[in-house]
Amino acid sequence: MAKNGTLLWVDDEIELLRAHILFLKGKDYEVDTATNGRDALDRCRERSYDLILLDENMPGLTGLETLTLIKEVQPTVPVVMVTKSEEEDIMNQAIGAKIADYLIKPVNPNQILLTLKKNIHKKDIISETVNTSYQQNMGRIAMQINDAATYEDWMEVYKNLVYWELELEHADNNMSEMLRMQKAEANNLFAKYIRRYYEEWFSPEAPSVLRTSPPLRGESSAMTAKPLHRGRGGGGSPLMSPHLFRDRIFPLLDHKEKVVLIVFDNFRYDQWKVISHELSGEFSFDEELYYSILPTATQYARNAIFSGLMPNKIAEMFPELWVDEDEEEGKNLNEAPLIQTQIDRYRRRDTFSYHKVNDALGAERLVSQYRQFENNDLNVVVINFIDLLSHARTESKTLRELAADEAAYRSVTATWFRHSPIRELFTLLAESDYKVVITTDHGSIRVNNPLKVVGDRNVNTNLRYKLGKNLSYNAREVYEIKDPRKVFLPSPNVSTAYIFAWGDNFFAYPNNYNHYVSYYRDTFQHGGISMEEMIVPFITLTPKKR
């Protein structure tokens, strides 16, 4: 068998192509020939081909007619149309019939070789090129990780790692494993950075995330965003959850834009990158990253986004809208009122709508109500599918196998988006004059390494962070915050402490330890410290029709 593949060349003047056929055989291809459509069909019934070169203008069955019949016999074989005709109608018909390529006679051997490489060997060539490129960049990536000293550096590290993760998705497993190890090392160093500087982000010298007063008379909301402080170690403080409305949404509204803010719960940067391919034909993107506050959980991070306040300030100023960890009430039921408090606090008159989508029926209802968006300056949509997928994957063995790793998890996300009514919403938005913003409250990480923690029955259930007054743990394995006030977290008791897992660690109780670990290992969790959880996308989309 030929090493490079088996071809069928169909042309009523095949004798004139002997030089080309000898060239291909010299390149280690096996080449069968046929001079008409009927013989070509007989060949296809006898054996499988890696690619078929098909002349359009033949006596008897035309090339297009032959193409249709070949696809019934071998539906996946790539077919390259080779013809003297440059008529647009024939090209359109051939493309509509899903040909792999279209060559105009006379063709030279290198043209044919190029189309073979594109249609038979493309995956192998790309894989080899990507592997080589990653190998050449491994040292530079390692230096970038080791030299990262500011929150901006860590954003660039994370973007670079996600880029290579996507590039290597279908490449050599050895290279993917090397990248996984680099990412794990990066997350360990990132955790050290957060443990060293997180509290400094909230120091008096850092930009205020707590400003509760509205802008001064004559001052736009955009002007309340103070410059980042650069005088301390760690590179100052980044854009964080409570800043998003003040620094990003309100300025758009001040420029008389009508805004649709879409918040995908538990949405990672790599998931955005795969979804962006679906939207690139309709929108242009302004891509940005920001930092989720700790804990990287909906109750804290999303409420901080909508209120513009840190969690303890929400609890102090709006106790009726804050739900403590030990209360049974849902932790994200007051999001619309929190948005209103922020608008009121800044003495704004923006009108807004709030929608939460939990399933396909809710998405269909939202799409049917789309025209009502016109009545508001701001429309906020919270979409819970990805978070629901994460939790369902934990509980379902079948779904865990379906979304076995990060690549599969991304693929399931992209497939859902492609076929969800939410995709239809974006099609409608692409035909509008809205400024569309996609963001999230936090991301998630696949956990594997259990850490033992002991607490009383009132300790919260999250696997990536714990809070309580009698926690027992190894302090070297966690980021501990003994005075929650320093990072503006609620403190239900005087002795309440928070602890956070980093990297791929998760907290497990000694009771029934083995069962607990087996159940939660290799699941996607959030609440702790990792690039995936804390460094999340904020994307502004502008319809290309503008």
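Reader: What makes up the lining of the second largest pocket: how many residues are nonpolar, polar and charged?

Author: It divides into 7 nonpolar, 7 polar and 10 charged residues. Charged covers Asp, Glu, Lys and Arg; nonpolar covers Ala, Val, Leu, Ile, Met, Phe, Trp, Tyr, Cys and Pro; the others, Gly among them, are polar. By the way, this is a predicted model, where local features need pLDDT of at least 70, side-chain atom pairs count only at pLDDT 80 or more, and totals for chains, interfaces and linings use all residues. Residues are numbered from 1 along each chain as its sequence is written, and side-chain values use heavy atoms, leaving out hydrogens and water.

Reader: Which element gives the most to that lining?

Author: Helix 8, with 8 residues. Helices here are DSSP runs of H or I with at least four residues, and strands are E runs of at least two, numbered from the N terminus.

Reader: Why is I104 called partly exposed?

Author: Its relative accessible area is 24%. Buried means under 20% and exposed over 50%, with partly exposed in between (1.4 Å probe, protein chains only). So I104, at 24%, counts as partly exposed.

Reader: And where is I104?

Author: I104 is in strand 5, residues 101-104. Its C-alpha atom is separated by 8.4 Å from that of M81, 23 residues apart along the chain.
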